[in-house]
Amino acid sequence: MGLAVLSLPVALLAFVVALTRRHLVTVGVNEHAEVVRIARHARAWRVGGLLAGLVAAALALTVGQSVDALGRLVALAPALLGIGVLLGTIVGELTARPRVGVRRTAVVETRTVRGILPPVRTALAGVAGVLLAGALALGAAWGGPDDLQRAGRSFTQGCRVMVDGALVSASSSRGPWPGSFYAVPLAAALGVAALLALAALVAVTRRPRPRPESLGLDSMLRRWSAGTIVTAALFTVLGTLGPVAVLIAAGLQPGECPMSVTQAVVRWVALLVGPAALVAGATALGALLVTPAIRVDDLPRPLPGEATSVGAPVR
C-alpha cells in the first residue's frame, strides 16, 4: 500500500506528460465514418475496463489487507488493473464490426500480431517479464517457512559462527519474502493476464476491415489498440516486479550469517530494479490513462475551388 502511494506522484506526472503529447487525428464530419464509430466503440469498452480495473485494484489495496493480512490480495492489485483493461479491450474489439451492405469488398492481405506491435514497448515488456519470472523463481527457490510454518514466506539463513573461540550454530530469518507463498498466486494471475493480452492482440488483428478508403486510418487504429494492450501488460509486470524486487532486497540484508556472492549480487540487482520498476510502472499507468483518439471536425471540408469552408456545423 505504501509503495502504491509513493508511486502516485510519478503516475500523475506521466499522465500530464502523456496528455500534453497525446496523439490526436482529426477527420472531416463525413470522412471515415465506420472507423470513427469502431474507434469510439472500442474506446468506450477499453475505458470501461480501465475503470473496472482501477476499482478492483483499489479494493485489493484497501479491503484486501483486512481480508488477507499477509498481503496476497494486495500483491494482486497491478494484475487486477491490467486484467480489467485487457478484458475491456477484448470485448470492444470483438463487438466492433463495420456495417455490412449489399455490396461488399475485401482486401487481400495478411495481418499478423507482430505487424501491429509497438517494438520498443514490446521489448520493454519482454525484458520486464523475464526479470519478473526470474525474481519469482528465485524467491520460490530461496524461500522457507516462517515462524508459523507457512511455506515460502521467509528467507532463512543458517551458519556456524565463532563465539568465544568455539563454533556455534546461528540462524537468521527475515520476511515477508516473495517465496512460493506469494509467487504461486502472482504467477497464476500473471498467467491469466498474459493469455488475455494475447487474446486481445488476436482480436485486434482479426477485426474485419472497413471500406478500402479507410484502410490507412484503420491500420493506425489497430496499432493504437495494440499499444494500449502492451502498455497494460507492461504496467502489470512492472507493478508486480517493483514490490517483489524491494522485498528481495529487504530480505537479503547482511545479518549474523554472511551472504554468499550470489546473494550479494542479487541484492544489489534488486536494489536497482525495484525502484526503477516502480517508477516505470507508474509511468505506464499514467500513459494508460491517456490514449490516442480520433477527433471529428464539425465543419465540412471546403470543396475544390472554394476559398473558405461553407456550411453550418453538422451534428
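The legends below describe close-up views of a predicted model. Local features need pLDDT of at least 70 and side-chain atom pairs count only at pLDDT 80 or more, while totals for chains, interfaces and linings use all residues. Residues are numbered from 1 along each chain as its sequence is written, and side-chain values use heavy atoms, with hydrogens and water left out.

View 1. Val55, Leu59, Val63, Val67 and Leu73 make a nonpolar patch of about 420 Å². Such patches consist of residues with over 30% relative accessible area and no salt bridge, nonpolar side chains being joined within 5 Å; a salt bridge is a side-chain nitrogen of Lys or Arg within 4 Å of a carboxyl oxygen of Asp or Glu. Areas come from the Shrake-Rupley method with a 1.4 Å probe. Helix α2 (residues 33-67) gives the most, with 4 residues. Helices are DSSP runs of H or I with at least four residues, and strands are runs of E with at least two.

**View 2. Leu73 in helix α3.** Leu73 belongs to helix α3 (residues 72-75). Leu73 counts as partly exposed because its relative accessibility is 32%; this class lies between buried (under 20%) and exposed (over 50%).

**View 3. An open sheet of 3 strands.** The strands follow the order β2-β3-β4 with antiparallel pairing. Strands β2 (143-144) and β4 (166-174) stand at the edges, each with a single partner strand, so one side of each has no neighbour in the sheet. Two strands pair if DSSP finds at least two bridges between them; 9 bridges join β3 (residues 154-163) to β4. Val163 stands opposite Ala166 in β4.

Technical notes: Patch = residues over 30% accessible without salt bridge, like charges linked within 9 Å, V, L, I, M, F, W, Y side chains within 5 Å. Buried < 20%, exposed > 50% of the residue type's maximum accessible area, 1.4 Å probe, protein only.
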